[in-house]
Amino acid sequence: MAAFCRGRHRWKRINSLHVLTRNLTGKYDFDLVVVGGGSGGLACSKEAAQLGLKAAVLDYVEPSAKGTKWGLGGTCVNVGCIPKKLMHQAALLGTAVKDARKYGWQISEPICHDWVTMAEAIHNHVRSLNWGHRVQLQDKKVKYLNMRGSLLDEHTVKGLSKAGKETILTARNIVVATGGRPKYPTNIPGAVEHGLTSDDVFWLKKSPGKTLVVGASYVALECAGFLTGIGLDTTVMVRSIALRGFDQQMAGLVTDYMEAYGTKFAWKSVPKRVDKLPSGALQVTWADSHTGNEQKDTFDSVLWAVGRAPETKALGLDKLGVQLNKQTGKIVVGADESSSVPNIYAFGDIGEGRPELTPTAIRAGKLLARRLAGHSAELMNYDNVATTVFTPLEYGCVGLSEEEAEKRLGKEGIEVYHAFYKPLEFTVAERDASQCYLKVVCERAGDQKILGLHFTGPNAGEVTQGFALGFQCGATYSHLLQTVGIHPTCAEELTKVHITKRSGLDAMVTGC
């Protein structure tokens, strides 16, 4: 605190409030104050500072219902992308060990996984990222305050420390980038008392054991996938469909593979209650809509993955007239990330209609900073953003699903090229490749512009990232065929795809 008081700033104590003022003639303390220290908020504040704006960022992690808390960096770094991908890698290594025998490696039994070793290594890496973010803010001269932020007006932010001290900061512009948190069901007895969410699972110090994952979003399937992969008895409870919003043919391939992989699925089932037994086990009661019967089973852990809620309730936005979507609670924003109140902007997961993806938040945050600094007028392009679901068989996609393309252009307006293929790595290991599949959705007329590209298989994220560039350049089917593939790879199968769904021909790739 003493270091912060030196130089151009001084503190006044007014009615128990700490008010930050500037010994300058400027009207505001800062050019930009960002509320939220996740990937997007950090990117925005650092970019602003690089462009000469005086920037501050406020970040504070409210502990989860289970008391889990973490450091600077938001969901992605602490309880999302990073620990998820590392646990996914742990599971892939388990499969690789099994494959290794076929490749001549002499591996003695039994092979087992130690959660504590994995968790400790991942936690150490995440903490290094937390520290790295703090160092970066300092290096780029962004003022970091570990405080809860709320808005008093379009130029004023109140920060509240853990000790209860309040700090007032004024800014020319305010950016809200607080992201979201997992939701608990509100109508299921025992859900909160006995359940976990993705805010907790990555920070468990001991194995979750036999686990029920409730939900079928990408978060649910990714968590269930790595838990299965490290040898845990895992069940996914699905109310309706898996991977809502994604191409449903691809979603079916993902879950089919998971079932063959060992993940159990309770389809068309709705949990009713969670009770803790004297043994410490959790008894879950659910309704099976297939049979209409009530069923029960016991688990060591119940992981709720039933959606996320935006962190907007405690920001004071309603008092300022900032328009929210009443159903989602997200901030209604324009193409330039502006809210309904001048000088207040929002982006990332809390922006209505925005993809809940780290790279889009980072890109949007940087572009917003450039516009506010007067260095650019470029807007974020939210179309054709690639993504990957890191399930045991990864699924990468960019552009429209087949359903959405058909909805827009009609069944006769699209052409779908597809192929089933077998990764070379699967051959010697004698692994089933029934769900390794790709399809390219194109306009049927004209140059056959590519509308969507979908791929299930190893390293789907790496494959999809490369092809995503083509979407920014207006890639067509002929462009795809003109591309010479790298042999032998899975990605090259996309450059050779020539069988259409319409033809009804066998789409299985043969030969090398």
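**Exercise 1. Determine where Lys141 lies and whether Lys141 is buried or exposed.**

Just after helix 5, Lys141 adopts a positive phi of about 60 degrees. The model is a predicted one, in which local features need pLDDT of at least 70, side-chain atom pairs count only at pLDDT 80 or more, and totals for chains, interfaces and linings use all residues. Residues are numbered from 1 along each chain as its sequence is written, and side-chain values use heavy atoms, with hydrogens and water left out.

Step 1. Lys141 is placed in the loop between helix 5 and strand 5 (143-145). Helices (H or I, at least four residues) and strands (E, at least two) are DSSP runs, numbered from the N terminus.

Step 2. Lys141 has a relative accessible area of 70% and is exposed. Buried means under 20% relative accessible area, exposed over 50%, and partly exposed in between (1.4 Å probe, protein chains only).

Step 3. Most residues other than glycine have a negative phi.

**Exercise 2. Describe where Leu243 lies and whether Leu243 is buried or exposed.**

Step 1. Leu243 also is not a glycine, and its phi is positive, about 50 degrees.

Step 2. The loop between strand 12 (234-237) and helix 9 holds Leu243.

Step 3. With a relative accessible area of 1%, Leu243 is buried.

**Exercise 3. Compare the span of helix 5 with the expected span, and list its buried residues.**

Step 1. Helix 5 (residues 115-139) has 25 residues and reaches 36 Å from its first C-alpha to its last.

Step 2. This is close to the 36 Å expected at 1.5 Å a residue; the expected span is 1.5 Å times one less than the number of residues.

Step 3. The buried residues of helix 5 are Trp115, Met118, Ala119, Ile122, His123, Val126, Asn130, His133 and Leu137.

Step 4. An α-helix has 3.6 residues a turn, so residues three or four places apart point the same way.
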